[in-house]
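Look over the sequence and the model before reading on.

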Amino acid sequence: MDFSLFAHMERLTPDQPHDVLYEEFLGLCRMADEGGMRALWTGEHHGMEFTIAPNPFTTLADVAHHSKNLRLGTGTVIVPFWHPIKLAGEAAMTDLMTGGRLEIGAARGAYSYEYERIVPGMDAWDAGQRMRETLPLVRKLWQGDCAHEGTYYNFPATTSAPKPAQPEGPPIWVAARDPNSHEFAVHNGFHVQVTPLWQGMEEITSLMERFNAACASYEGPRPKIMLLHHSYVASDAEDAAQAAQDLSRYYNYFGAWFQNKRPVQQGLIEEISPEEMQANKMMAPENLARDLTIGTAQDVIDRLKRYEDMGYDEFSFWIDSGMTTERKRASLARFIDDVMPAFA
């Protein structure tokens with residue numbers, strides 16, 4: 001099983017300087033590179049200090065200058081926010097700039113907060129249909145002289161300029177959850193990214209079952225599947241309990257952004273009180289300690305062995321958590337030094 005890092009700048013309070021946050025993000029990327037992780041994934045979000053990532057291609061082009069071996073992935077680009085010609089061209093240019101290290105993780109997006117600002121009136125269903133029309137076109141545009149008449153886009157014969165450095169273009173991964181999304185990805189020869197969020201082993205098992213069902217209905221080569229999961233490698237049980245508490249806070253804010261009901265000012269959502277967090281039993285620390293990849297190095301190894309036995313090809317260490325940089329770095333160091341060697 002391969003290992004990768006999933007990371008962003010995240011700003012929780014107005015007193016955190018963006019330039020410091022970016023240097024801390026780059027520091028995590030360097031650790032992943034020097035520690036032998038396969039890839040870095042960073043995504044696309046707009047108007048949210050919770051996850052600062054307006055253009056993953058720009059970020060990855062810079063990370064290329066701070067790393068030597070990492071594959072550089074968009075995790076994920078929000079496809080319905082991009083015209084196919086623009087997406088193909090910018091991806092190809094980034095692949096060229098990074099020496100052929102780009103991989104594209106693609107999704108329909110999740111936050112209605114972003115939909116109503118970037119493409120007003122679009123809902124999740126419409127976003128999914130736009131993604132399904134766009135992604136196959138990206139490959140055709142890399143090949144050249146692609147003309148298209150569709151539901152959302154119409155254009156005469158066009159060729160991506162430049163073309164990617166990788167002869168077949170960057171590998172494409174699709175964020176999938178429901179069976180139809182898995183089938184779309186697999187039948188188009190795309191790899192699959194999945195995240196159970198806070199839902200634990202039952203969902204991790206179900207996601208693999210959906211992927212296997214899609215593969216069983218496809219006669220082409222079996223694509224890869226990557227599990228993205230919030231992770232923390234603790235020094236001891238007390239440290240693990242603190243991580244569960246921190247991630248409980250993170251998921252309370254994640255849910256608030258997703259519901260899109262609380263006021264937002266200067267890109268920061270209205271503070272959630274301790275009483276509100278305590279009332280949210282779904283995100284209780286004890287549940288997240290059970291359902292996320294949290295624990296001592298041996299605890300995490302045991303969980304990862306289960307994921308590997310299920311058939312997951314890659315595990316992506318989701319480090320966004322609202323924790324201090326020192327705690328993030330300590331956890332990632334333990335993952336690299338104490339967990340990854342068990343899978344060498």
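## Helix contact and aromatic pair

Met131, Arg132, Leu135 and Pro136 in H5 meet Asn180, Ser181 and Phe184 in H6; contact means heavy atoms within 4.5 Å. These contact residues divide into four nonpolar, two polar and one charged. This is a predicted model, where local features need pLDDT of at least 70, side-chain atom pairs need 80 or more, and totals for chains, interfaces and linings use all residues. Residues are numbered from 1 along each chain as its sequence is written, and side-chain values use heavy atoms, without hydrogens and water.

Helix H5 covers residues 124-143 and helix H6 residues 179-187. They pack at an angle of about 15°, with axes 11 Å apart. H5 and H6 are therefore roughly parallel to each other (angles under 35 degrees). The crossing of H5 past H6 is right-handed.

Now the aromatic rings. The count comes to 19 aromatic pairs (ring centres within 6.5 Å, with the six-membered ring used for Trp). Tyr250 and Trp318 form an edge-to-face pair (planes over 60 degrees apart). Their centres are 6.4 Å apart, with 85° between the planes. This pair links distant parts of the chain, 68 residues apart. Tyr250 is in helix H8 (residues 237-259), and Trp318 is in strand E13 (residues 314-318).

Are the two partners buried or exposed? Both count as buried (under 20% relative accessible area, 1.4 Å probe, protein chains only).

| Residue | Relative accessibility |
|---|---|
| Tyr250 | 5% |
| Trp318 | 6% |

Tyr250 and Trp318 also belong to one aromatic cluster, together with Phe6, Phe50, Tyr111, Trp198, Tyr251 and Phe254.

Note on methods:
Axes fitted to C-alpha atoms, helices over the stretch in contact; angles between N-to-C directions. Helix = DSSP H or I, 4+ residues; strand = E, 2+ residues; numbered from the N terminus. Parallel < 35°, antiparallel > 145°, perpendicular 65-115°, else oblique. Left-handed = near helix turned anticlockwise from the far one by under 90°. Nonpolar A, V, L, I, M, F, W, Y, C, P; charged D, E, K, R; others polar. Phe/Tyr/Trp six-rings, centres within 6.5 Å; stacked < 30°, edge-to-face > 60°. Buried < 20%, exposed > 50% of the residue type's maximum accessible area, 1.4 Å probe, protein only.
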